[in-house]
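Have the sequence and the model open as you read.

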Amino acid sequence: MHPRGTARPEPTALLEKLGVHLDPELLVLALTHRSFAHEAGGIPTNERLEFLGDTVLGLVVTEALYRRHPDKSEGELAKMRAATVSQRSLAKVARDLDLGGYVLLGKGEMRTKGYEKDSILSDTVEALLGATYLSHGLETARGLVHRLVDGTLEQAADLGAGLDWKTSLQEAAAGQGFTAPVYAVTGEGPEHARRFTAQVTAGPVIGLGEGTAKKHAEQAAAEQAYRAIKALAVPPVAGA
């Protein structure tokens, strides 16, 4: 029984949502988080598929942005790509698929509701893309990428900060005359389930963030600080 009170759905139902066919063993591998693999005696995890899927996703999104926005500079395209492939964007895709119900997690991650964490959800999306590429090649994988992220791609030009929060924070801090952001990161927990906490300081602003990798914790901290700086920069309403 899944901790959310429902039986774990059959993986084949996920394939229907994705619109692709995967060998059952490959599908299970794509859904196997390292916490589950560790508790099962060190079986393979989905991390190699995630690595492959990340590259496929980046290629397809980069090509699409290049073709759709011939007037955009390299820097603008990079921010649009960052917005489309960000952890937050992919986690939203995963939630639309109810992907959390399919991921194989260890007991510790289940207790901490790993099936709801952006990092685990986004990594699993990339693993499924990697598995699709291995099984069917680039064209089928390209089609799946577009089905999953075209909505974000269409909005990418209007996403402002582009979800590259560290760059956005650096620019915002400089614009307000604050000192350059300084990050401090600590980690705790066993190697297979490590959690990182980041603090960033930029002038009077402090941001805090957590994640399963240093870069994720830093991005979360940078986002909090960025939003704080933007709130400081809003002029008071006349007559208030």
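Thr12 and Glu16 are exposed on one side of helix H1, where exposed means over 50% relative accessible area, buried under 20%, and partly exposed in between (1.4 Å probe, protein chains only). Helices are DSSP runs of H or I with at least four residues, numbered from the N terminus. This is a predicted model: local features need pLDDT of at least 70, side-chain atom pairs count only at pLDDT 80 or more, and totals for chains, interfaces and linings use all residues. Residues are numbered from 1 along each chain as its sequence is written, and side-chain values use heavy atoms, with hydrogens and water left out.

**Helix H1**

- H1 spans residues 11-18, and its Leu14, Leu15 and Leu18 are buried.
- The arc is taken from the directions that run from the helix axis to the C-beta atoms.
- Thr12 and Glu16 lie on the other side of H1.
- An α-helix has 3.6 residues a turn, so residues three or four places apart point the same way.
- The buried residues of H1 pack against helix H2 (24-30), helix H8 (118-136) and H9. Contact here means heavy atoms within 4.5 Å.

**Helix H5**

- H5 covers residues 74-85, which makes 12 residues. From its first C-alpha to its last it reaches 16 Å, close to the 16 Å expected at 1.5 Å a residue. That expected span is 1.5 Å times one less than the number of residues.
- Which residues of H5 are buried? They are Leu77, Met80, Ala83 and Thr84.
- Viewed down the axis of H5, the buried residues fall within an arc of 120°, so they line one face of the helix.
- The cover over the buried residues of H5 includes helix H4 (47-68), helix H6 (87-96) and helix H9 (138-155).

**Helix H6**

- Ser89, Leu90, Ala91, Val93 and Ala94 are buried in H6.
- The buried residues of H6 pack against H4, H5, H8 and H9.

**H4 against H5**

- Two packed helices are described by the angle between their axes and the distance between the axes.
- The axes of H4 and H5 come within 10 Å and cross at roughly 135°. Axes are lines fitted to C-alpha atoms, for helices over the stretch in contact, and angles run from 0 to 180 degrees between N-to-C directions.
- H4 and H5 are therefore oblique to each other. Angles under 35 degrees count as roughly parallel, over 145 as roughly antiparallel, 65 to 115 as roughly perpendicular, and the rest as oblique.
- The crossing of H4 and H5 is right-handed. A crossing is right-handed if the near helix is turned clockwise from the far one by less than a right angle, and left-handed if anticlockwise.
- On the H4 side, Leu57, Gly58, Val61, Thr62 and Leu65 meet Leu77, Met80, Arg81, Thr84 and Val85 of H5.

**H4 against H9**

- H4 and H9 pack at an angle of about 60°, with their axes 9 Å apart.
- This pair is therefore oblique too.
- H4 passes H9 in a right-handed crossing.
- From H4, the contact residues include Val56, Leu57, Val60, Ala64 and Arg68. From H9, they include Leu138, Ala141, Val145, Val149 and Leu153.

- Asp98 is not a glycine, yet has a positive phi of about 55°. Asp98 is found in the loop between H6 and helix H7 (107-111). Its relative accessibility is 37%, so Asp98 counts as partly exposed.
- Lys113 is not a glycine either, and has a positive phi of about 60°. Lys113 lies in the loop between H7 and H8. At 44% relative accessibility, Lys113 counts as partly exposed.

**Two residues and their distances**

- Glu139 is found in helix H9. With a relative accessible area of 53%, Glu139 is exposed. The C-alpha atoms of Glu139 and Val60 are separated by 9.7 Å, and the two residues are 79 apart along the chain.
- His136 is found in helix H8. With a relative accessible area of 37%, His136 is partly exposed. The C-alpha atoms of His136 and Ala202 are separated by 47 Å, and the two residues are 66 apart along the chain.

Technical notes:
Helices (H or I, at least four residues) and strands (E, at least two) are DSSP runs, numbered from the N terminus.
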